[in-house]
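Subject: Structure handover

Hello,

My notes on pockets, cores and domains follow below it.

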Amino acid sequence: MARTRKRNDVYPMIPLFSRFPKLRAAIPHLSLGTFPTPVEPLRGIGRRYGRSGLFIKRDDLSGLIYGGNKVRKLEFLLADAKKTGAKRIITSGAAGSNHALATALYSRQCGFTTTLMLFEQHQLPGIGATLLADFATGADMFHDSAYSEHLAHLRNIADSCERADGAPPYIIPAGGSCPTGITGFVNAAFELGEQISRGLLPEPAAIYVAYGTMGTAAGLLLGLRAVGIRSKLIAVRVVPESVANCVKFASLFNETNSLLISGDPSFPRCSFNENDLTIYDDFLGEGYGMTTPAALSAIEEFASADGIMLDPVYTGKAGAAFLADASSRDLADVPLLFWHTKSRCFPPLSTGRGDYLLLPSDFHRYFATGGAISDGQ
Ligand SMILES: *Cc1c(COP(=O)(O)O)cnc(C)c1O
């Protein structure tokens, strides 16, 4: 039964490249995750609310070693890093950053060494497990007490890495939200377009996604407009206005659009219009990394009704916004799509409970409380 498979049988062309073939030569891409991610009806929640037309995009299943929304960005970022000849990837994030962990895992898989520049985060169960998983990848880890301090530190570390490695490191911004990474979510919108064409779901009236470093929302919105999907994009704030705001969003959107046009002049110019993006500010609570009663009840409801696991920092808040709209009379007759961005699988920890003492001492504070080793899901 053995049959030689051509590479393209295993990795069919990604939707963005099949629609704009010139981009394939212009923009490096590596296949790291499992795509397309499934689209499924949320039947249990629909039954509870006495309605239909609720769907979920399962980016929680985007990777075998670790999924979530960062895999789509890393497929373009790590491919670009290879092209530059870098040996080391440096990236940043809050202490419990999913992006830092995803980067460390996939960067190692691609043969890079990794440095994680992490900064202080509000204590929450789950951070400890993420830090141990970061550490188990063999990444170098630094901790800074504030974001501003971390930027200066990052420049110093990048310089010393360049001297040690003999090549400049490839620096990925927090969340992977630069035009190269955001291209992953432009492709995601094209992937959704194919699923709509195949009848797996109707064109959603609205799509709900967490609004963090904004790359997910910016790429989706650009991709939706480029592919001609009219869905409203609802970005649910999980970080303060200083991190995520319309001005920064517009420049990420426009720069990504320019990158794609430079790769293929036939890619449409989609100028950003503020009315295209709806930001929900009411689900943030006290701030980033601090969960809310609404998020906790969304976590409970998704799990008990449909067996979907959300997290307290991102998808719990986005899920709470989705449930609020799904239960509103005004939206009872229109299809709504929840975009799940948190990985369901967690890399196995090769370290034991006490091994946090091996981490640089600045990180020990995240292990001070009892349940710190659970992965927070
Ligand atoms: C990073 C992250 C987000 C936010 O995505 P951005 O592109 O940074 O806005 C949402 N959900 C989860 C689980 C994340 O880790």
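A term to start with: contact means heavy atoms within 4.5 Å. This is a predicted model, so local features need pLDDT of at least 70 and side-chain atom pairs count only at pLDDT 80 or more, while totals for chains, interfaces and linings use all residues. Residues are numbered from 1 along each chain as its sequence is written, and side-chain values use heavy atoms, with hydrogens and water left out.

Thr183

Leaving aside neighbours within four places in sequence, Thr183 is in contact with Leu16, Phe76, Thr256, Leu259 and Leu260. Thr183 sits in helix 9. Helices (H or I, at least four residues) and strands (E, at least two) are DSSP runs, numbered from the N terminus. Thr183 has 0% relative accessibility, so it counts as buried. The cut-offs: buried is under 20% relative accessible area, exposed over 50%, partly exposed in between (1.4 Å probe, protein chains only). Ser92 is 91 residues away from Thr183 along the chain, and their C-alpha atoms are separated by 19 Å.

Domains

The assignment gives domain 1 (15–69 + 178–340) and domain 2 (70–176). Such bounds come from an automatic or database domain assignment. The domain centres, taken over C-alpha atoms, are separated by 24 Å. Across the boundary, 39 residues of domain 1 are in contact with 28 residues of domain 2.

Largest pocket

Where does the largest pocket lie? Domain 1 and domain 2 both give residues to its lining, so it lies between them. The grid terms come first. On a 1 Å grid over the protein atoms alone, a cavity is a set of points where a 1.4 Å probe fits but cannot get out. A pocket is an open set with protein on both sides within 12 Å along at least five of seven lines. Lining residues have an atom within 4 Å of a point. Points are joined across faces, edges and corners, and a volume is the space filled by probe spheres set on them.

The largest pocket holds about 1000 Å³ of space. Its lining has 49 residues, with Ala174, Gly175, Gly212, Thr213 and Val243 nearest the centre. Elements that give two or more residues include helix 5 (70–84), strand 3 (88–94) and helix 11 (246–263). By class, the lining has 19 nonpolar, 23 polar and 7 charged residues. Here Ala, Val, Leu, Ile, Met, Phe, Trp, Tyr, Cys and Pro count as nonpolar, Asp, Glu, Lys and Arg as charged, and the others, Gly among them, as polar.

Second largest cavity

The whole structure has 2 cavities of 30 Å³ or more. Helix 5 gives the most, with 3 residues. Both domains contribute to this lining, so the second largest cavity also lies between them.

Cores

A nonpolar core is a set of buried Ala, Val, Leu, Ile, Met, Phe, Trp, Tyr and Cys residues joined through side-chain atoms within 4.5 Å. The largest has 90 residues, and Leu192, Phe249 and Phe267 have the most contacts inside it. Domain 1 and domain 2 each give this core at least three residues. Apart from it lies another core of 21 residues, among them Val71, Ala102, Tyr106 and Phe346.

Best wishes
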